[in-house]
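Student: I want to learn how to read charged pairs in a protein. Can you walk me through one case?

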Amino acid sequence: MHTEPGTTIRRARLADVTVWVETLIEATIATYDFGPEFASLRRSETAEQLAEAAAALADPRYALWLAEDAEGPLGVAETGPGPQGWEIELGFPAPRVEHQLIKLYLLPRAQGRGLGQAMLQRALGTDRAYLWVFASNRRAVDFYQRHGFVDEGIDADSGPTWANMAMRRLVRTG
């Protein structure tokens with residue numbers, strides 16, 4: 001695992017909640033680049049995201065991570081228990097493991113530097129876990145598969161606010 005000198009990955013604190021959420025939103029917009037309506041919708045969710053992140057920070061079952069360098073934030077990650085409420089509501093079968101990688105996003109300036117691998121290692125280590133990934137995001141699917149995640153064959157539709165993209169559940173059991 002390689003990260004550049006001066007780059008840190010640390011557990012987020014309540015004082016970081018605003019920068020963590022802003023980084024999440026901007027990295028999400030950059031990652032999916034669905035246009036101005038998508039960007040506006042994601043930014044309109046700031047208050048909701050702040051509340052969710054603050055609640056996660058207060059719950060010891062969750063861990064929020066912040067990567068940064070001298071120029072500022074680079075990326076975010078979140079782990080916690082699964083399944084999440086939306087998975088239960090939609091009737092998905094229970095995952096084989098309970099720990100979930102809920103989020104892992106990097107800003108464009110942080111990509112291609114080994115930071116995704118470093119954040120995954122810091123957030124999960126070699127723990128058993130599962131995640132959801134957009135099936136069309138081959139870069140992300142390949143990344144997770146290189147790190148021991150396998151396709152469970154369980155698919156979902158992301159819904160209209162996420163362009164009804166097909167999602168796939170991946171799991172790492174070893």
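This is a predicted model: local features need pLDDT of at least 70, side-chain atom pairs count only at pLDDT 80 or more; totals for chains, interfaces and linings use all residues.

Tutor: Residues are numbered from 1 along each chain as its sequence is written, and side-chain values use heavy atoms, leaving out hydrogens and water.

Student: How many salt bridges does a search of the whole structure find?

Tutor: Side chains of opposite charge can pair when their charged atoms come close. A salt bridge needs a side-chain nitrogen of Lys or Arg within 4 Å of a carboxyl oxygen of Asp or Glu. The search finds 14.

Student: Is Lys103 buried or exposed?

Tutor: Buried means under 20% relative accessible area, exposed over 50%, and partly exposed in between (1.4 Å probe, protein chains only). Lys103 has 17% relative accessibility, so Lys103 is buried. Glu78, at 8%, is buried too. Their salt bridge has its closest N and O atoms 3.0 Å apart. Lys103 sits in strand β4 and Glu78 in strand β3, 25 residues apart. Strands (E, at least two residues) are DSSP runs, numbered from the N terminus.

Student: Which residues do salt bridges with shared partners join into one network?

Tutor: Asp69, Glu71, Arg109 and Arg113. Take the Arg109 and Glu71 bridge, at 3.7 Å between the closest N and O atoms. Arg109 is partly exposed at 32%, whereas Glu71 is exposed at 68%. Arg113 is buried at 16%.

Conventions. Helices (H or I, at least four residues) and strands (E, at least two) are DSSP runs, numbered from the N terminus.
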